[in-house]
Amino acid sequence: MKKFLLSIFALLTLSTMSYAESYTIIFKDGGGDGDKSDAFTTSTSVSTFVNEGADLIDKITSTDKVYLGKSGHGLKFSSSSVNGNLNLALSSTAKVYPTSIVVTACAYKSTETAKLSVNNATAQTLSSNFTDYTFSFDGETLLTELQFNATKRLYITKVVVNYTPKEISEVETPQFSVESGTYYNAQSVALTCGTDGASIYYTLDGEDPTEQSTLYNGAISITETTTVKAIAIDPTGTLEASSIVEAIYTIIPSSEYSYQLATSVENGGHY
């Protein structure tokens, strides 16, 4: 009986182990004896600082005081007086529900107390030798960004995201109260979303909306030809953001409509 139970336990353990997955991002360095002096910006190309896993990152969403480190040291964070941070937007294939994020990092030097936080997890104090630091998560919150916040100077060479695969649910797409089309007067357009608690963001300039766009909090007045684009986002991060939807409203002013009507009548048209 004991052997039977042990066999069942072993099978369950193997099953659990095989079910867990991970992916790895390895950072480039400057390749020299000293750290690079050019700090990253949001326009810095992913290919300039990622050796492995570049396809997992879409772009830098925000950054301050992050550089290519000296040979073998990956990315350097912070200056002598200002803390560094780096937020990386993940591609769709990298968006998972993490159980842990393991970062290989070290302090710039032993005389500085360098601390690192990943995605708002409790900061950990780093040694001056490269070590793997594990930041634990509940496996229930969708990972859409990697957020690194450094206190004092430090280096990061590698990040491993561990997760248990499961289907990612998506927020329902926003709905427009007024359909796309041509109108002869101003329109009041309301936006709704079927997912409870979701926030709707929109743009009126044709650009794709993000969480940094205008937050919807009431009907939008459309007085001229406008393209409205909207996205719904779960503020808890549990669900994937909705698809972007758009509506195009062509507004013909009453004066122009009257002119067209008069011209049509003059040319033999009927009212």
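In this predicted model, the side chains of K76 and D35 form a salt bridge with an N to O distance of 3.9 Å, a salt bridge being a side-chain nitrogen of Lys or Arg within 4 Å of a carboxyl oxygen of Asp or Glu. K76 belongs to strand β5 and D35 to the loop between β1 and β2 (50–52), so the contact ties together parts that are 41 residues apart in sequence. K76 is buried at a relative accessible area of 11%, whereas D35, at 25%, is partly exposed; buried denotes under 20% relative accessible area, exposed over 50%, and partly exposed the range in between, for a 1.4 Å probe and protein chains only. K76 also lies over the face of Y67, at 5.6 Å from the ring centre, where a charge is taken to sit over a ring if NZ of Lys or CZ of Arg is within 6 Å of the ring centre and within 35 degrees of the ring normal.

Residues are numbered from 1 along each chain as its sequence is written. Because the model is predicted, local features need pLDDT of at least 70 and side-chain atom pairs count only at pLDDT 80 or more, while totals for chains, interfaces and linings use all residues, and side-chain values use heavy atoms, with hydrogens and water left out.

The count of salt bridges comes to six. Among them, K95 and E240 meet at 3.4 Å, N to O. This pair links K95, in the loop between β6 (85–90) and β7, with E240, in the loop between β20 (226–233) and β21 (245–251), 145 residues apart; E240 counts as buried at 15% relative accessibility. K166 forms a salt bridge with E140, with the closest N and O atoms 3.0 Å apart. Here K166 lies in the loop between β12 and β13 (175–176) and E140 in the loop between β10 (131–136) and β11 (145–151), a separation of 26 residues. Both are partly exposed, K166 at 38% and E140 at 46%.

Strand β12 (residues 154–163) is mostly covered, eight of its ten residues being buried; strands are DSSP runs of E with at least two residues, numbered from the N terminus. Strands pair if DSSP finds at least two bridges between them, and β12 runs antiparallel to β1 (residues 21–27), to which six bridges join it, with S22 opposite N162. Antiparallel pairing of β12 also extends over three bridges to β5 (residues 75–77), where L75 stands opposite I156, and over nine bridges to β7 (residues 98–107), where A107 stands opposite L154.

A search of the whole structure finds eight aromatic pairs, defined for rings of Phe, Tyr and Trp (its six-membered ring) with centres within 6.5 Å, and classed as stacked for planes under 30 degrees apart, edge-to-face over 60 and tilted for the rest. One of these is the tilted pair of Y23 and Y163, at 6.1 Å centre to centre and 50° between the planes. Y23 lies in strand β1 and Y163 in strand β12, so parts that are 140 residues apart in sequence are tied together. Y23 is buried at 9% relative accessibility, as is Y163 at 12%. The rings of F77 and F148, with centres 6.3 Å apart and planes at 65°, form an edge-to-face pair. Ring pairs link F27, F40, F49, F77 and F148 into a cluster.

Conventions. Helices (H or I, at least four residues) and strands (E, at least two) are DSSP runs, numbered from the N terminus.
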